Structure formats: C-alpha cells, structure tokens
Amino acid sequence: MKKILVLGGAHIDRRGMIETETAMGASNPGAWMEEAGGGGFNAARNLSRLGFQVRLIAPRGGDANGAAVAAAAHDAGVEDTPFTFLDRRTPSYTAIMERDGNLVIAIADMDLYRLFTPRRLRVRAVREAIMGCDVILCDANLPEDTLSAIGVAARVCGKPLAAIAISPAKVVRLKAALPDIDMLFMNEAEARALTGQTVEDASDWPRHLAALGLRGGVITSGARQVVAFSERETAVLRPPLIEAVRDVTGAGDAMASGYLAATLRKEPPSQALRWGAAAAAITVQSPSATAHELNPQTLDTMLALVPSAEMV
C-alpha cells in the first residue's frame, strides 16, 4: 500500500448556506454547518478512503475544535500526528455560500499555522515520516519558508512533492518552491496570482507555469475546461455536468485527491485528470467537503460518466 504524508491545513470549516436569492447588506434566511476541513486534511481523508495509507502532520490547538479534527481523522482512517499547542485555538475557515453552492465571502482564521516553522521538519518523527513515505502532499496554509523547506526535503530524499494552492492570496507562498513541486493543484484565479498572466485558452497555462519552474499541475475553472500537464504531455478535459450540486467546498481538494491517486497507480496525466474529475463530481453532490461515499467503487462508477481528455 502506497504511503502518503500530508503536511498542511487541518481545521474547522463553518459554512452558512443562503436559502433564497442573496441580499447583500441584509439578513438572509439560511442554515449553518460545521465540520473538520482544510485543504490538506480534505485530501488526506479522500486518499484514505481511496485505499492509501495516509499520515497527517498539522498544527492544532488544545481546544474542542482540535478534538473534532482528531475525531474526523480517526473516522476517515488517517494516521493523525499533530503538533498540538495547548494554549492556542485551532484554526478555522468560515464561509457564506449562495443557494447554488457558490462562495459569497469567507474568513480564514489561520494564525496558528505560522508556528509550523521549518525547524519542525527537523523533528525526528517528521524526518522519519518523510523518509518512509512514497509521496508528500502539502498545502499553502503553511508559511512560505516552511513550504520552501518541504521542497528541499523532498528533493534531498527523492520524494515526489504535490501541493494544493488553497487561495490566490496563499498560492504565492509556493513560488520559491515551484522547481521542487511535481504537481500543483490550483484554479484559474490562483494561476493568475502565481503567474501574473491572464489567458483565454486554458491550454496556455502550462507554458506560463513551466516558465516559473513548475514541472506539472492541474488548473481548474469550475464547471468549465480543466487542464493537466507534466513535463511530457498536456491534457484538457471538460468535466461532466452535475445537475444536483449541493456544495462546491472541497471540490478542488477532491480533484487533487483523484489525480494523485491515479498518478500513484502509474496513470498518465490524461487518465489522472479523469480520476480527479470523477472525485470532484462525487464531492460536489455531498453536503460535506469530503464525500463519505467516496471509495474505489463509486469512483469507478463515476468514471463512466467522465469523457476522455484531449491531448494538446
């Protein structure tokens, strides 16, 4: 069984869903949901459900929210080995969603992640985890110098490194580490923030990203065209149309999970892109940021609805 080490965000997600047409600057009827989340953590749970051995290392506070994250990790079969700061609160992400599942606005209270400094990577247990895994996955919730240090550690140990962009504001933290990253998962807004470019054709993104030293990645654009590239090929796919979208939260993390799962099974980018699209399609039909029903069988079923990727 392949071993995946996840270094990144694991916190509490709070999402308010507006039930009617959104009225800005006014009270809106709706419902509130709270669950464990975070880019790295969402991917960790997805990958565990897809049959991989996953270890998570993330900062956490010594509060009830931290206990909720630990319980969610246990339920998903993730090996949870956090850095716990008993006198701090666990990070949180609070979002307001429109009734169609799209984001209105969000607040990220992530101050604790600053304490995941590069020296934490020198802890013996972390060094051993890096040496013992088959691939490392990090996310841009961590500080820039820590992400650069993870890139160096992956290169020195000869481990593939994947990363999740998280947001346009945070993806720039990965810029110095790009030459050490094998797969970066992002959306178009994050690609623009990273490159300073705007493109009309999604297949142009690989050229701009490769100019920064990135060897491979996936760029999504909601329900529109998604592009994946490696040093050898570029593939473009239009995701299947999903009528019953409940919540788009976690869709990008699911795309990363499916794509990485396929890559670990030696699939090329064109096929890995289909796996990612299938995982994302399952996730957007779930009220949670990770779909409990995601497993190898449901992924295979959804794959039948995903068209072939086109090579460009």
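Are Phe185 and Tyr259 buried or exposed? In this predicted model, Phe185 and Tyr259 are both buried.

## Aromatic pairs

The whole structure contains 2 aromatic pairs. One is formed by Phe83 and Phe116, whose rings are arranged edge-to-face, 5.3 Å centre to centre with 90° between the planes. This pair joins distant parts of the chain: Phe83 belongs to strand β7, while Phe116 lies in the loop between β9 and α3, 33 residues apart. Phe83 has a relative accessible area of 13% and is therefore buried, the cut-off being under 20%. Phe116 is likewise buried, at 0% relative accessibility.

Phe185 and Tyr259 also make an edge-to-face pair, because their planes stand at 75° with the ring centres 5.6 Å apart. Here strand β12 supplies Phe185 and helix α8 supplies Tyr259, 74 residues apart in the chain.

## The packing of α8 and α9

Helix α8 (residues 251-264) and helix α9 (residues 269-284) have axes that come within 7 Å and cross at roughly 145°. The crossing is right-handed. Tyr259 is among the α8 residues in this contact, together with others including Met255 and Gly258; on α9 the contributors include Leu273, Trp275 and Gly276. The contact residues comprise 14 nonpolar, 4 polar and no charged.

## The sheet

An open sheet of mixed pairing is built from 10 strands in the order β6-β4-β1-β10-β11-β12-β13-β14-β15-β16. Strands β6 and β16 each have a single partner strand, so one side of each lacks a neighbour in the sheet.

Strands β10 (residues 135-139) and β11 (residues 161-164) pair in the parallel sense over 4 bridges, with Cys138 opposite Ala163 of β11. Helix α3 (residues 124-132) lies across β1, β4 and β10 and runs at about 150° to β4.

Key: Residues numbered from 1 in each chain as written. Predicted model: local features only at pLDDT ≥ 70, side-chain atom pairs only at ≥ 80, totals over all residues. Heavy atoms only, no water. Pairing = 2+ DSSP bridges. Helix = DSSP H or I, 4+ residues; strand = E, 2+ residues; numbered from the N terminus. Contact = heavy atoms within 4.5 Å. Axes fitted to C-alpha atoms, helices over the stretch in contact; angles between N-to-C directions. Left-handed = near helix turned anticlockwise from the far one by under 90°. Nonpolar A, V, L, I, M, F, W, Y, C, P; charged D, E, K, R; others polar. Phe/Tyr/Trp six-rings, centres within 6.5 Å; stacked < 30°, edge-to-face > 60°. Buried < 20%, exposed > 50% of the residue type's maximum accessible area, 1.4 Å probe, protein only.
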